[in-house]
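The structure is shown below for reference.

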Amino acid sequence: MSIIVENLTKSYGPQKAIDEISFSANKGQILGFLGPNGAGKTTTMKILTCYMPQTSGTAKVCGLDVVTESFAVRQKIGYLAEHNPLYLDMYVKEYLKMVAGFHKIKNSKKRVDEMIDFTGLSREQHKKIGALSKGYRQRVGLAQAMFHDPEVLVLDEPTSGLDPNQLKEIRALIKSLGEEKTVILSTHIMQEVQMLCDRVIIIDQGKIVADDPIDSLANRVSSSSVVYVEFEDACPVNLLSDINGVDNVKKITDRKFEVYSTGSEDLRKSIFNKAVKNSKVILEMRMEDLSVEDVFQKLTNN
Amino acid sequence: MLSILKKEINSFFSSLVAYIVIAVFLIFIGAFTWVFRDTSILYFNYAGLDPLFQFAPLVFLFLIPAITMRSFSEEFQRGTMEFLFTKPLTDFQLIFGKYLANLVLVVIALIPTLIYYYSVYQLGSPKGNLDFGGIMGSYIGLFLLSAAFVAIGMFASTLTKSQVVAFILAVFLCFVMHWVFSFMAKLPMFIGTLDDIINRLGMQYHYDSMSRGLLDTRDIVYFLSIIVFFLYLSFVSLEKRKW
């Protein structure tokens, strides 16, 4: 286990930013942190990276306690903070050389070039950080976080404010990192979680409301399913609602319907048979999965 | 610590801060020492550098807080403190690295005034007729005084993310530490009773004593204690911000 968090609580006065949360993460795993604004994602990350200590509970990174062995933890962790704080009046190379100094890395020149290559900064390497666009600044931030080849990477909204091309590249970068390191990332973008993460933790009001592998997340909310059907010609509603196991039919147009059920059986077979029996032609029929977005809304909506 | 020192010095010289500090200091001190009729050495009847050592604390009162106000306030403001705090750096490295960088800048501003010494040495009649011991003592005193001002300014900077607040606070604290005690000692209520003790609490007493060319360990210990005290306060204040 590279990260073990147990009963972690952080209070700001009477308000609890995070409340008794526990989770763990393994090597080779990308863990997604989801939650509405102010849910406690950033607070958790700040505790893990030793920026501030918790009120109670423990957090361990690579077996090291973040409070008592903070210095060792900081050597093993790479952190990209939410707003990616950088020194805008420094040159890219100068900045990375400074980071090398902080980590006491020998042969820093070679490592700087490696990181510039790895994060795709080659074209911008002679510029001042202040002259870079947001996407490139994000790469500088990532280069800084990965500079010392840390075992654990904590990325707080690494893809916010990037254009679609940059998004794709940065995501590919993160995905490749996740193969050999432990990556924790927080995001607002649901598709990103589905695309990148192996596991999702959903936090709401300081509490973990879901901690599941991405595939089984949908089952968690409810066992209800939705089938979308489109017929060639108009079709009466009762044709569908008479089918055994159907709870509700939502008519979209004369030809298009959504069929809801709470049972576990697959309705598509019965719908097909019924349609054949009544000589109705089905043009399209698909089972709709609940997306992470739906799950998120269900879990964080009170 | 070296990497922090290097970072700070680079940032001084890549922005205008360093050049402005050095230029402003030399212009002010140069004017007081050589140009203004009331204070210029040229109108005195003996060779010495009194105006330099008399006015340098006053110029430093504003200039040093202007250097040190950036130290932590700017990092808090920009969020880069989060970057520094999550890197494997100890608080000691952070504070002492920044402290040394600020001090180096002040010393760089002071070095050109050695030319004044050479000039006065040449102007003396007969040549070289000046109080070498007094000037050496004054330089050491001025160095210790600036070192103390830098420590005070850095402490003020750890308290706030606003550079303006840090500046004003630092000016106020430096003023209190250097001047206020000797003013207080002159209040009628203290004369004859506590005036000597109050006088000794302020920096001015010790600075003046060193200017006479008398290197008293008590003066040196006094300045070192002030420096250590304010650096320690910075340390405590940084820890507080984290917790």
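## Positive phi in loops of chain A

In this predicted model, Gln205(A) is placed in the loop of chain A between strand E9 (199-204) and strand E10 (207-213). Although Gln205(A) is not a glycine, its phi is positive, at about 45°. Gln205(A) has 16 C-beta neighbours inside 10 Å, and therefore counts as partly exposed.

Asn84(A), found in the loop between strand E6 (77-80) and H3 of chain A, also has a positive phi, near 45°, and is likewise a residue other than glycine. Is Asn84(A) buried or exposed? Asn84(A) counts as buried, because 24 C-beta neighbours lie inside 10 Å and the cut-off for a buried residue is 20 or more. As background to these two cases, most residues other than glycine have a negative phi.

## Strand pairing in chain A

Strand E1 (residues 3-12) of chain A and strand E4 (residues 56-61) of chain A run antiparallel and are joined by 5 bridges. Within this pairing, Ile4(A) has Lys60(A) of E4(A) as its bridge partner.

E4(A) also pairs in the antiparallel sense with strand E5 (residues 64-65) of chain A, in this case over 2 bridges, and Val61(A) has Leu64(A) in E5(A) as its bridge partner. E4(A) and E5(A) form a hairpin with 2 residues between them, and in the turn Cys62(A) has a positive phi of about 50°.

Helix H1 (residues 41-48) of chain A is largely enclosed by the rest of the structure, because 8 of its 8 residues are buried. Among the buried residues of H1(A) are Lys41(A) and Lys46(A), as well as Met45(A), Ile47(A) and Leu48(A). Cys50(A), which follows H1(A), has a positive phi near 70°.

Ala172(A) belongs to helix H6 (residues 164-177) of chain A. With 11 other C-beta atoms within 10 Å, Ala172(A) is exposed, since the cut-off for an exposed residue is 12 or fewer. The C-alpha atom of Ala172(A) is separated by 30 Å from that of Arg286(A), and the two residues are 114 residues apart along the chain.

## Domains of chain A

Chain A is divided into domain 1 (3-218) and domain 2 (222-300). The centres of domain 1 of chain A and domain 2 of chain A, taken over C-alpha atoms, are separated by 42 Å.

## Overall form of chain B

The secondary structure of chain B consists of 12 helices and 0 strands. For its 243 residues the radius of gyration of chain B is 19 Å, close to the 18 Å given by the globule rule, so chain B is as compact as a globular protein of that length. The C-alpha trace of chain B spans about 60 × 50 × 30 Å along its principal axes.

Of the 243 residues of chain B, 36% count as buried. Among the contacts in chain B with a separation of 6 or more, 75% are accounted for by residues 24 or more positions apart.

## The contact between the chains

Between the two chains, 18 residues of chain A are in contact with 18 residues of chain B. On the side of chain A that touches chain B, helix H2 (70-76) and helix H3 (92-102) of chain A each supply at least two residues. By class, this side of chain A has 11 nonpolar, 5 polar and 2 charged residues.

Technical notes:
Residues numbered from 1 in each chain as written. Chains lettered and ligands numbered in written order. Predicted model: local features only at pLDDT ≥ 70, side-chain atom pairs only at ≥ 80, totals over all residues. Contact = placed C-beta atoms within 7 Å. Helix = DSSP H or I, 4+ residues; strand = E, 2+ residues; numbered from the N terminus. Nonpolar A, V, L, I, M, F, W, Y, C, P; charged D, E, K, R; others polar. Rg over C-alpha atoms; globule rule 2.2 N^0.38 Å. Domains from an automatic or database assignment. Pairing = 2+ DSSP bridges.
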